[in-house]
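Please look through the sequence and the model below before reading on. The text then goes from the whole chain to single elements and residues.

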Amino acid sequence: MTATDSTHTQTDAQQAYGTTTILDDIDRTASRSYEVPSPVPGGVVLSMIRANVCGSDVHILHGSHPLVRPGCVMGHEGVGRVAALGDGVTTDFAGAPLAVGDRVVATYFQACRRCPECNNGHGNICRNAYTGWSKQADEAPHFFGTFGTHYAVGPNQAVYKVPDGVTSKAASSANCALSQVYYGCLLGEVSYGDKVVIFGAGGLGVCASAVASVLGAEVYVAEMTPSRLEKVKDFGAHHTIDLSQAADGAARVQLVRDATGGGGDVVIDLTGVPSAFSESVRSARSGGIVVEIGNISPNKYTDFDPGLFTRTGVQIRAAIRYPLEVLGKAVRFIEATPQFPWESLVDADYTLDQVPEALAAAESRQVTRAGIVIDD
């Protein structure tokens with residue numbers, strides 16, 4: 001199929017059926033087949049190339065997401081190829097011409113531009129962010145996630161072309177892992193000479209190390225699983241801290257403070273472990289900034305000393321999702337940093353019928369990022 005002015009009719013492939021992976025019940029996924037839809041006006045339908053397992057997908061598997069529940073489609077990170085463009089779509093969100101066959105990444109959430117949060121300039125916390133992802137898969141257009149043969153991208157999701165020089169495997173982590181920590185570094189005001197402490201050496205930790213180091217920071221990565229610390233050295237980390245050597249939370253904090261000479265200027269928590277939140281705050285120097293990213297599950301609690309926090313003057317900033325334009329910056333960041341082995345971030349590949357195995361490998365920390373090869 002070749003590109004016309006702006007609208008594309010269904011191809012034979014689009015009239016066929018595709019498959020997607022749903023959360024069938026807590027701790028159980030299943031495959032479902034649906035007719036591949038036509039794109040809505042302003043939207044795009046993608047044929048998925050690759051998807052990755054994020055820590056959030058593990059939380060979803062266990063029922064720990066407030067909106068993505070049983071019956072919803074799994075997966076939010078990945079890269080696809082344009083199968084069809086909706087009415088009015090001629091470019092990506094950066095203004096680059098867009099045609100059938102182009103490889104793209106898309107935000108997994110939307111900014112509706114019609115809620116108080118969007119109106120106040122906070123599209124990343126749009127109250128309608130998960131309007132698509134939180135729908136039941138049985139509801140058209142069905143393909144709301146990346147763990148499937150197709151992905152129906154809505155008009156309020158941002159889409160960016162993948163540069164020719166960036167492989168699909170390298171780009172597959174852009175629309176969650178890299179964009180999320182890129183925003184976290186911006187929110188944390190990371191600058192030249194800062195001591196940046198990153199809690200967690202998974203996919204987000206590896207990406208955060210790359211971004212912070214390019215911004216000129218001295219990067220420390222702290223992790224409870226020592227085997228994960230090797231990879232961050234390939235992505236700009238200057239120091240690693242093996243937290244498994246510590247007996248408890250107080251000892252972990254002391255390890256970080258000793259390594260950094262009094263605490264980080266910026267501390268970024270990516271772990272998703274509630275106790276790590278309070279440890280992160282205590283690992284920052286007085287007047288430092290803590291960026292909380294990993295803890296997203298509701299009704300998880302940790303002890304916190306507000307008096308100690310107040311006396312230190314530490315600032316805590318929450319980074320949920322990211323502004324839409326950050327995804328475009330993330331793709332360009334990959335293109336501009338060939339010194340980092342971006343493909344190696346995805347260090348184990350699975351097929352679409354091996355999603356349970358991929359989720360298990362991610363949860364057990366056997367891999368940094370589990371990839372699902374769909375049509376590469």
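What follows describes the overall fold, then some helices, a strand residue and several loop residues.

This is a predicted model, in which local features need pLDDT of at least 70 and side-chain atom pairs count only at pLDDT 80 or more, while totals for chains, interfaces and linings use all residues. Residues are numbered from 1 along each chain as its sequence is written, and side-chain values use heavy atoms, with hydrogens and water left out.

The chain has 11 helices and 15 strands; these are DSSP runs numbered from the N terminus, with helices being H or I of at least four residues and strands being E of at least two. The chain is as compact as a globular protein of 376 residues, because its radius of gyration is 20 Å, close to the 21 Å from the globule rule. That radius is taken over C-alpha atoms, and the rule is 2.2 Å times the number of residues to the power 0.38. Along its principal axes, the C-alpha trace spans about 60 × 40 × 40 Å.

Buried residues make up 55% of the 376 residues. Buried means under 20% relative accessible area, exposed means over 50%, and partly exposed is in between (1.4 Å probe, protein chains only). The accessible surface of the chain is about 15,100 Å², and carbon and sulfur atoms hold 49% of that; the areas come from the Shrake-Rupley method with a 1.4 Å probe, and for residues only the protein chains shown count as cover. Of the contacts with a separation of 6 or more, 70% are between residues 24 or more positions apart, contact meaning heavy atoms within 4.5 Å.

The chain carries 28 positive and 40 negative side chains, and the centres of the two sets lie 5 Å apart. Lys and Arg count as positive and Asp and Glu as negative, whereas His and the chain ends are not counted. The place of a charge is NZ of Lys, CZ of Arg, CG of Asp or CD of Glu.

H5 has 12 residues and reaches 17 Å from its first C-alpha to its last, close to the 16 Å expected at 1.5 Å a residue; the expected span is 1.5 Å times one less than the number of residues. In H5, 11 of the 12 residues are buried, so the helix is largely enclosed by the rest of the structure. Among them are Gly203, Cys207 and Val211. The cover over the buried residues of H5 includes H4, strand E8 (195-199), strand E9 (218-223), helix H6 (229-233) and H10. After H5 comes Gly216, with a positive phi near 95°.

H4 is also largely enclosed by the rest of the structure, because 13 of its 14 residues are buried. Glu189 follows H4 and has a positive phi, near 55°.

Helix H10 (residues 325-336) also has 12 residues, and its 17 Å reach is close to the 16 Å expected. Its buried residues include Val326, Leu327, Phe333 and Ile334. Covering them are, among others, E5, strand E7 (159-161), helix H3 (168-171), helix H4 (174-187) and helix H5 (203-214).

Among the strands, E11 (residues 264-269) contains Val267, which is buried at 0% relative accessibility. Leaving aside neighbours within four places in sequence, the contacts of Val267 include Val197, Phe199, Ser280 and Ile289. Ala284 is another contact, and its C-alpha is separated by 6.1 Å from that of Val267, 17 residues apart along the chain.

The loop between H2 and E6 holds both Asn124 and Asp138. Asn124 is buried, with a relative accessible area of 5%, and is in contact with Tyr183, Ile320, Arg321, Tyr322 and Pro323, leaving aside neighbours within four places in sequence. Asp138 is exposed at 62% relative accessibility. Pro141 lies in the loop between helix H2 (116-119) and strand E6 (150-153), and a cis peptide bond with omega of about 10° joins it to Ala140.

Most residues other than glycine have a negative phi, and most peptide bonds are trans. Arg113, in the loop between strand E5 (103-106) and H2, has a positive phi of about 65° although it is not a glycine. Arg113 is exposed, with a relative accessible area of 59%. Asn299 has a positive phi of about 60° and is exposed at 63%; its loop runs between strand E12 (284-292) and helix H9 (306-312).
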